[in-house]
Amino acid sequence: MERKIRVLVAKPGLDGHDRGAKVIARALRDAGMEVIYTGLRQTPEQIVGAAIQEDVDVVAMSILSGAHNHLFPRVVDLLKEKGVDDVLVIGGGVIPDDDIPGLKAAGIAEVFTPGTPTSVTIDYIKQNLKRKA
Amino acid sequence: MNDMDAVKKGAEAYEAGVEKSLGKFPERKKDFVTGSKAPVARLYTPVDTAKIDYLRDIGFPGEYPYTRGVQNTMYRGRFWTMRQYAGFSTAEESNKRYKFLLEQGTTGLSVAFDLPTQIGYDSDHALSQGEVGKVGVAIDSLADMEILFDGIPLDKVSTSMTINAPASVLLAMYIAVAEKQGVGADKLNGTIQNDILKEYVARGTYIFPPEPSMRLITDIFAYCSKEVPNWNTISISGYHIREAGSTASQEVAFTIADGIAYVEAAVKAGLDVDDFAPRLSFFFNAHNDLFEEVAKFRAARRVWAKLMKERFGAKNPKSWMLRFHTQTGGSTLTAQQPDNNIVRVAIQTLAAVLGGTQSLHTNSKDEALALPTEDSVRIALRTQQIVAYESGAAETVDPLAGSYYVESLTERIQAEAESYIAKIDSLGGAVKAIEKGYVQQEIQDAAYAYQMDVESGERVVVGMNKFQIKEAPPKGLLRVDPIVGEQQAAKLKALRAKRDQAKVDAALAAVKAAAAGGDNLMPPILAAVKAYATLGEICDVMRGVFGEYQQKVIL
């Protein structure tokens with residue numbers, strides 16, 4: 001049987017807005033992926049720990065509090081420190097366009113802003129996995 | 001008087017005639033629905049409102065069951081309070097924004113705190129990194145609060161504070177600042193949100209588990225009923241429930257179910273319902289479906305009045321009144337073509353006003369992108385002023401009453417809300433229903449259905465899934481300088497070096513003793529705040545006694 005794509009949907013930091021994260025998690029699941037949702041208030045360390053433990057292909061993070069420039073790159077760095085280089089890391093939320101080039105340079109593969117259909121995110125994941133599913 | 005049989009016949013004839021012509025003149029779609037996906041009929045007539053008894057169900061403004069509003073003259077007396085939620089960066093920056101808003105004609109303040117403040121961490125805590133000053137102002141101690149309200153006379157303005165888990169601490173700071181201005185607590189007007197239950201289901205800034213959280217809340221009720229009599233001790237909030245994706249009926253139902261839980265907790269703690277219920281206030285959302293939203297506010301008033309009178313035996317009419325603040329719907333705003341948001345907010349403003357709100361925050365057009373700039377905040381405030389002074393909507397009380405459609409919608413929302421409340425009662429009340437994940441699941445299902453409707457195009461969001469254009473990235477967004485975190489940390493270091501540590505230690509020990517025992521927590525928290533104990537220190541003491549809430553993760 002083909003292995004399903006495994007995704008960790010994560011809420012880094014103190015932000016409590018989880019509507020988007022939960023909608024995305026459910027859409028990914030309905031698209032046939034295995035989804036693990038961390039719940040709120042995860043530190044980058046916790047997110048990386050969960051990603052490794054759950055052996056995920058994708059880490060999808062959501063922040064609406066403005067702390068993305070601090071927290072998203074930290075997750076990428078920690079994954080690198082742990083020797084993980086085949087996990088696709090993506091982010092979403094209320095993120096100003098001006099911040100996106102910096103986030104991409106820091107290793108966030110793609111950033112999805114408000115109004116993005118879930119189908120766009122699903123297709124992106126399918127086409128950009130670093131591991132063969 | 002209508003001859004109801006004749007009207008009924010006429011309505012049937014009308015429908016039959018329309019059905020005949022549909023082949024040639026089809027309607028735009030098969031099913032018409034409200035913003036919350038409730039069915040909408042082609043036409044409403046007196047037949048639809050025939051069961052309504054005017055005196056029993058609608059009544060007069062300022063009279064039970066308050067369907068038409070809580071005051072007898074409503075906005076003919078005075079307009080709603082125009083209260084713009086604001087706060088970012090440091091206390092110094094936010095103080096400037098408040099003074100700007102007051103100069104622009106805002107009539108009440110509404111303080112947004114940053115996430116570390118809302119979750120009871122000092123700015124130098126590890127978990128605060130990257131969050132300081134972002135979604136609101138950073139407040140670590142009374143010293144910050146003194147700066148925040150510098151030059152703002154607290155006996156003249158009313159202040160709403162969006163603070164929940166650590167509400168006692170921020171209220172204590174406000175009382176202490178007022179005291180320094182020479183304003184007694186009995187002269188203070190304002191509101192603390194203090195609504196922990198919706199934090200568990202929709203907003204996320206909880207700290208402690210439900211039981212001690214409910215105790216903190218009832219301690220505030222008891223303290224304020226004696227010491228701060230004009231303070232709204234809670235703002236029972238449907239706003240965030242709606243933002244999380246609920247329908248209009250769910251917004252009313254889950255909010256009022258939370259309200260029931262607070263009333264029950266306070267009665268259980270030995271308070272008389274009429275001693276605290278007049279100071280309970282509510283907070284609702286205003287979305288785009290104008291008529292459904294107006295009906296929602298009217299239905300909410302009726303449901304609450306009935307509950308307070310019949311279920312809780314409240315005798316004071318003030319206990320029956322559902323007074324509420326409204327904020328326009330952040331989640332309805334689009335990042336695409338953000339100027340369109342001005343129009344959405346104008347419709348929502350009208351809904352809030354036609355629904356009889358006591359105060360209103362209008363969102364700024366750039367909310368889906370960043371914190372609002374001064375220019376966009378001004379437009380948002382002007383929107384309220386135009387509705388107030390130019391639209392005519394404020395010149396008579398409850399102008400939509402008697403509309404066959406609006407009265408039918410009001411009935412439907414009431415019935416749906418009461419059915420949800422009965423379900424929650426059967427689960428053991430709001431706290432149990434939340435612990436079981438029932439409320440969260442209902443909200444998430446509605447949120448997901450909404451998103452799927454947007455993606456299928458069944459629900460049109462102008463500029464987002466229809467009428468799109470190529471846009472250049474927006475310019476001139478407000479940004480919070482990341483240096484704020486360091487500035488706050490430096491302020492904390494200086495404060496800790498300067499204050500009388502022995503006094504702080506003794507005050508924190510008193511908070512701990514009250515938390516572990518049964519004494520009201522407000523007096524020792526007030527003493528600790530005055531000794532310049534920090535928010536994080538006070539919350540840490542309570543974390544030690546109460547433990548921390550573990551979120552139930554539901555997908």
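Tutor: Start in chain B, where helix α6(B) passes helix α22(B) in a right-handed crossing; right-handed means that the near helix is turned clockwise from the far one by less than a right angle, and left-handed that it is turned anticlockwise. α6(B) covers residues 167-180 and α22(B) covers residues 535-546; their axes come within 10 Å and cross at roughly 140 degrees. That angle makes α6(B) oblique to α22(B), since angles under 35 degrees count as roughly parallel, over 145 as roughly antiparallel, 65 to 115 as roughly perpendicular, and the rest as oblique. On the α6(B) side the contact uses V169(B), L170(B) and M173(B), and on the α22(B) side L535(B), I538(B) and M542(B) (contact means heavy atoms within 4.5 Å). These residues divide into 6 nonpolar, no polar and no charged; Ala, Val, Leu, Ile, Met, Phe, Trp, Tyr, Cys and Pro count as nonpolar, Asp, Glu, Lys and Arg as charged, and the others, Gly among them, as polar.

Keep in mind that this is a predicted model, with local features needing pLDDT of at least 70, side-chain atom pairs counted only at 80 or more, and totals for chains, interfaces and linings using all residues. Residues are numbered from 1 along each chain as its sequence is written, chains are lettered from A and ligands numbered from 1 in the order written, and side-chain values use heavy atoms, without hydrogens and water. Helices are DSSP runs (H or I, at least four residues), strands are E runs of at least two, and both are numbered from the N terminus. Axes are lines fitted to C-alpha atoms, for helices over the stretch in contact, and angles run from 0 to 180 degrees between N-to-C directions.

Now move along chain B to α20(B) (501-516) and α21(B) (522-530), whose axes are 8 Å apart at an angle of about 160 degrees. They are therefore roughly antiparallel to each other, and their crossing is left-handed. A507(B), A510(B), V511(B) and A514(B) of α20(B) meet P524(B), I525(B), A527(B) and A528(B) of α21(B). By class, that contact has 8 nonpolar, no polar and no charged residues.

In chain A, α2(A) (44-53) and α3(A) (68-81) have axes that come within 9 Å and cross at roughly 45 degrees, so these helices are oblique to each other. Their crossing is right-handed. Here P44(A), E45(A), I47(A), V48(A) and A51(A) face L71(A), R74(A), V75(A), L78(A) and L79(A) across the contact, giving 8 nonpolar, no polar and 2 charged residues.

Finally, two backbone spots. Most residues other than glycine have a negative phi, and most peptide bonds are trans. Y64(B) and P65(B), however, are joined by a cis peptide bond, with omega about 0 degrees, and P65(B) lies in the loop between α2 (54-58) and β1 (81-86) of chain B. F467(B) has a positive phi, near 60 degrees, in the loop between α18 and α19 (484-498) of chain B.
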